[in-house]
Amino acid sequence: MMNWWIILSVWLLTLGFGVCREIECIPSERETLMKLKHHLTDPSNRISSWNNNNANCCHWRGVVCNNVTAHVLELHLNTSQPDINDYIYYDYMFDQEAYEKAYEAYLRSQIGGEINPCLADMKHLNYLDLSGNNFEGTPIPAFLWTMTSLTHLNLSDSGFEGKIPPQIGNLSNLMYLALTYAANGTIPPQIGNLSNLLYLNLRSYPYGSLFAENVDWLSSLSNLEYLDLGAANLSKSFHWLQTVRSLPSLKHLYLSDCILPLSHYTQPSALNFTSLLTLDMSSHFIYPVVSFVPKWVFGLTKLVSLQLRCNNIQGPIPEGIQNLSLLQNLGLFSNSFSSSIPNGLYSLRHLKFLNLQRNNLNGSISNALGNLTSLVRLDLSNNQLEGKLPTSLGNLCNLREIDSSYLTLNQQVNEILQILAPCISHGLTTLRLQSSQLSGNLIDEIGVFKNIVRLDFSNNSIGGSLPRLFGKVSPLRHLDLSRNHFTGNPFESLKSLSKLSYLEIRDNHFEGVVKEDDLSNLTSLKMFSSKGNNFTLKVGPNWHPSFQLAYLDMSSWQLGPNFPSWIQSQNKLHYLDMSNARILDTFPSWFWGTFSQAIYVNFSHNHIYSKLVTTLRNPLSTKIVDLSTNHLCGKLPYLSMNVEWLDISSNSFSGPMNDFLCNKQFKQFGLKLLNLASNNLSGKIPDCWIKWPNLMDVNLQSNNFVGNLPPSMGSLAMLQSCNIRNNSLSGIFPIFLKNYNQLISLDLGENNYSGKIPTWIGERLLNIKILRLRSNNFSGHIPNEICDMIFLQDLDLAQNSLSGNIPSCFNHISAMFQKNKSTDLFIHTDVQSYTGSSAISIFLGIKGSVLEYKSILGLVTNIDLSNNNLSGGIPREITYLDGLIYLNLSNNQLTGQIPPSVGNMRSLESMDISKNQLSGEIPPTIANLSFLNELDVSYNHLKGQIPTGTQIQSFEASYFVGNFLCGPPLTVNCSSNKQISGVKRIRTEDDGHEVNWFFVSMTLGFVVGFCVVVTPLFIYKSWRYVYFCFLDGMWYKMQSYW
């Protein structure tokens, strides 16, 4: 026994000396690492310590040696990506500059190059992590599958691509294998040889880039605890569920974005899945993983986390959810559940995270919500739930985040604060109640929320001034009070919030003078939006704000008359809006250079004057520029390739477009929207459009352009909106327009175009919604091919010289039927700005007025063929358009009767068929048009009684004169035989015509008088001479007075 103690003591003593002395790495392994480094690229010198001057490789960065044998055991050469969530300070806003810097630093830190096969010589290496690097799509090195000593291998997101070879089965000691986004092709069954695996992550890119013929190989991995097959194509793995449930140690199963076989719909209702703690079957892409909640899920009694988000699952939330009594995290958001919240869900007392947002849940929120006392995060937003938040919500003392946005609460905001104040206020960090129909005023209880970081009450009806105690909420970083009815000066309460980084108070009734002291403590502010209020900024000329903004919207502030020079210090701005700010000044010389990297600059609706000073070397380079409605003048500015949106309409720019459009500095430009409307530009439009292939929206209206459109405009294949109205352009209908197959809106009105409207217009412009050719000299027939434009909402061919019949195929234009009508207020192009896509605006002549339509243009349907030479009858087919709102056929030569089916046009608000030759009676069905507020049938040959309707009798009588009509609103009584029209036409009961002796005597008198005066002038030459001399004398006398 004593001998054993001696041997043990000697061994411990030896071990002690081994620990105390510094270990030296094996020379051969040092040489191997040097060879490995030689083939790697290391732009940030992360492995600069790997050199011969530092002989002990055990001290090299990323190298871990055995403390006893000195063999290299581990290589940590991974590179960590920055998490974008760390840079987000609002749903769609994030610190772009900070994130870009972090991401650029990450890219510089990535190791690349080639993995030298000598790495396989390191026979003791058991840990290899190369994740997060960039090996530029090279296959996974084949020699790795010979390194049987490895227990940990991580190649995730490292730029490797290719198939997983069968030789992976050689790594029988592996316990951890991560090939996330590193492999494609078929999963080899030899992975089943890795019987020691605890962790397996084979997540791939979406849409089945990694395929499994079957997953029978999983049954050999009896120790597996973590399995991620995300986005894998398992459509042929019909027995995947039976295989996975046979894994006795499996705790975490991730199948998000997988393509599962249809057979999983008929799986058994219960499975012996006793070990599973986490199940994720979510979808992040188009295809759902499951279309309902499988019944076997409710048998997973140990489940702690269940994620089924974004699967478009319909129907009620299953009651079986109550069986998962240990559940702590439940994510059912972005589905189509359409029931009330089931009572069984309120029994899950261990639940910490409940996310039901973006469903169709209805009913009220039960008072049983108070049973969920473990809740930390609650999200019920974007549902159809209604009624007040229950008072039992105040019992959930562990709550840290609440989101009940986009519900119909109809509740006083002060009532909600009083519910939360006693128990929840001390720990709550996030409270979002956006668009929840809240009213009332904020009260001093807001001051007890000492740890609140994010507060969103936007888009409600909350009023009153902000309580003084708002300033006590010192941790507040994000505050959104926009689109409410708040009053007073908010900075009296908010000026002490030094941690506030996001402040949105736009579209309220705030007012007052804002001074330097009101803003001096807001040192963390990065995003500030306050338009739509009545503020005046009064700061000194040398003021330098204490904050550095990335987003600034001060539209509608009183900032002028001088240009706000203090924004020169805000050189990190990517969004700047000072529109309608009463600035009466010029742009300072430093402005465009300071904000050359900005994304959005808007100084529209001010009084800024002078020229835009740009040169070929210093062009305008801000991505989105809106300077419309100012007094800018001179030549058009030079642009860089970076500009995508330029709106300088309603200014005084003059001269030709040649220097602007034909700039030789760049071969191509990136501009997508060009609005030069309402300036003083002149001359011919240059033939340089081939340089602008990305244009989608061109507006040149209301200038002084002449000639025809140049042929190079045919290269604008992406064009969706073309507005060149109100110029002096001439020629025939431009042939190159047939290339515009994406065109949505075409406005050539108020020009001098002539010739026929081509028949190809309906064959090539199939996506068009607006066709406006009014006030030109087009002639010929209206081509029937126009009826092929099924998306057409506005057809305006008025004030031309068109002839022939109205096409009888208008009933083919499906967009003018009620069932197909658009519900979008705007008609958008695909041009995206910071504030959304660009909206089209056009001028419509409706109800006697020409008005610009934009904000409701998407709802308007209009046909205007007035002031032409059209003949024939009103086609019956046009009355089938029950979604048509405005119809104008006036001032033509139309004959026949008004179609009796006119009563089918249920949406009609205005109909003008005046000044034609229509006859017969007004159909009584016209009284069925309940939306009709203008009906003009004057100066036709209509007869009979005006139909009685709820509003027809309230129309002006002038809309019915010039006919043979009677009854209100005319004063003529239909029961009498007197004159019954504004012009004196007499009609007897048997429809015969009496002799009107007044007109006969007047006509005879005129003929006799004319003959008495004119006949002697023809007979006697001397009389003619005297007469014309008399006229000449009178003419000269009149000129002398002028």
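Which residue stands opposite Thr 895 in β61? The residue in that position is Gln 917. The model is predicted, so local features need pLDDT of at least 70 and side-chain atom pairs count only at pLDDT 80 or more, while totals for chains, interfaces and linings use all residues. Residues are numbered from 1 along each chain as its sequence is written, and side-chain values use heavy atoms, without hydrogens and water.

Strands are DSSP runs (E, at least two residues), numbered from the N terminus; two of them pair if DSSP finds at least two bridges between them. Strand β59 (residues 893-897) is paired with β61 (residues 917-921) through 3 bridges in the parallel sense. Strand β61 also runs parallel to β63 (residues 941-945), again with 3 bridges. Here Glu 921 has Lys 943 of β63 as its bridge partner.

The whole structure contains 3 cavities of 30 Å³ or more. A cavity is a set of points on a 1 Å grid over the protein atoms alone where a 1.4 Å probe fits but cannot get out; a pocket is an open set with protein on both sides within 12 Å along at least five of seven lines, and lining residues have an atom within 4 Å of a point. Volume is the space filled by probe spheres set on the points, which are joined across faces, edges and corners.

The largest cavity has a volume of about 70 Å³. Its lining comprises 11 residues, and Tyr 207, Asp 257, Ile 259, Phe 285 and Tyr 287 are the closest to its centre.

The second largest pocket has a volume of about 840 Å³. Among its 34 lining residues, Trp 645, Asp 647, Asn 675, Ala 839 and Lys 854 are the closest to the centre. Strand β53 contributes the most to this lining, with 4 residues.
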